[in-house]
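Have the sequence and the structure open side by side. We will walk through a few places, one step at a time.

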Amino acid sequence: MACYANSGQICAAGTRLFVQRGIHEEFVKRLNAFSRGLRLGNGLDPKVDLGPLISQRQLDRVMRYVAIGSGERARLASGGRRLEGALAKGFFVEPTVFADATNDMTIAREEIFGPVVTVIPFDTVEEALALANDTAFGLAGGVWTRSLSTAHRMARGIRAGTIWINGYGVLDPVVGFGGYRMSGYGWKGGKDHVESFLYPKAVYMNLDD
C-alpha cells in the first residue's frame, strides 16, 4: 500500500520498488496476488481498499504512463486497465505492476500519481542505494531489511526527507516533513513549521560605552 494508498495520488507514494534479484520473481508473484485482491469502489465504503482517480484528465494521464511502460518493454505483470462493468463510469484503474523494469524508464523517472508500481531488480546493497538516489526527487523512501546495520546505512545514505524502516507512510506531526531536490525545500510540521509563522527579533547591544 506504499504506492496504492489513495490510488497512488500521494506525493510520497513509493512507486519505485527495488527488489533483490534472487527473490524478484517470487516477490512479483505475491505482489500480483495482493494487487488483484484489492477491492475497488466507492471510497466512502469501509469495505473498499481503493477509490477512483480524481478526474478524467488524471485517468488519461495514468493510462498514458501504462502505455509508455509497455512501450519501454517493462513487463506488465498485473492490472493496467480501466475498470469496466459497474464501475465503468468512474475513473478507476486496476492496481498495476510493472516488473523487470530499469531505473532509466519513464515510469521510474516521472511521477505518475496513480496505482502503478514499478519493480526494479538489484543485486547488491550498493546498487540499491545508487538506484534509490538516481532520481530528481527526494521526498520519502522505505527500506525493508532484517539487518540493523543495513537499515542505518540505507537511512543515512538515501537522500530523502523521510525514511521508513520495515514500514511505510506513518507520520508524526511533531517530527515534520520535507524533501530534497525537486521534492521541495524546507520543512513543514513540527517546531520548525510553527516558528516560520513567528516574528523573531535579534538585538545587538554594545555595553562598552
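Start with Cys3. Its relative accessibility is 5%, so Cys3 counts as buried. Keep in mind that this is a predicted model.

How many disulfides does the structure hold? The number is 0. Cys3 is in no disulfide, and the nearest cysteine sulfur, that of Cys11, lies 13 Å away. A disulfide needs two cysteine sulfur atoms within 2.5 Å. Cys11 is likewise in no disulfide; for Cys11, the nearest cysteine sulfur is that of Cys3, 13 Å away. Is Cys11 buried or partly exposed? With a relative accessible area of 46%, Cys11 is partly exposed.

Cys11 leads us to Ile112. In sequence, Ile112 and Cys11 are 101 residues apart. In space, their C-alpha atoms are 9.8 Å apart. Ile112 sits in the loop between α3 (106-109) and β4. Its relative accessibility is 2%, so Ile112 counts as buried. What does Ile112 touch, leaving aside its neighbours within four places in sequence? Ile112 is in contact with Gln58, Arg61, Val62, Tyr65 and Ile107.

Now follow the chain into strand β4, residues 116-122. Thr118 is found in this strand. Thr118 has 0% relative accessibility, so this residue counts as buried. The cut-off for buried is under 20% relative accessible area. Again leave aside the neighbours within four places in sequence. Thr118 is then in contact with Thr15, Arg16, Leu17, Phe98, Ala101, Ile107 and Ala108.

Helix α4 comes next. Which of its residues are buried? In α4, they are Ala128, Leu129, Leu131, Ala132 and Asn133. These buried residues pack against β1 (16-20), β4 and α5.

Look at α5 as a partner of α4. Helix α4 covers residues 125-133, and helix α5 covers residues 148-157. Their axes come within 10 Å and cross at roughly 25°. That angle makes α4 roughly parallel to α5, because angles under 35 degrees count as roughly parallel. The crossing in which α4 passes α5 is right-handed.

Which residues make the contact? From α4 come Val125, Glu126, Ala128, Leu129 and Asn133. From α5 come Thr150, Arg153, Met154 and Gly157. Sorted by kind, the residues of this contact of α4 with α5 are 4 nonpolar, 3 polar and 2 charged.

Conventions
Residues are numbered from 1 along each chain as its sequence is written. This is a predicted model: local features need pLDDT of at least 70, side-chain atom pairs count only at pLDDT 80 or more; totals for chains, interfaces and linings use all residues. Side-chain values use heavy atoms; hydrogens and water are left out. Axes are lines fitted to C-alpha atoms, for helices over the stretch in contact, and angles run from 0 to 180 degrees between N-to-C directions. Helices (H or I, at least four residues) and strands (E, at least two) are DSSP runs, numbered from the N terminus. Angles under 35 degrees count as roughly parallel, over 145 as roughly antiparallel, 65 to 115 as roughly perpendicular and the rest as oblique. A crossing is left-handed if the near helix is turned anticlockwise from the far one by less than a right angle, and right-handed if clockwise. Contact means heavy atoms within 4.5 Å. Ala, Val, Leu, Ile, Met, Phe, Trp, Tyr, Cys and Pro count as nonpolar, Asp, Glu, Lys and Arg as charged, and the others, Gly among them, as polar. Buried means under 20% relative accessible area, exposed over 50%, partly exposed in between (1.4 Å probe, protein chains only).
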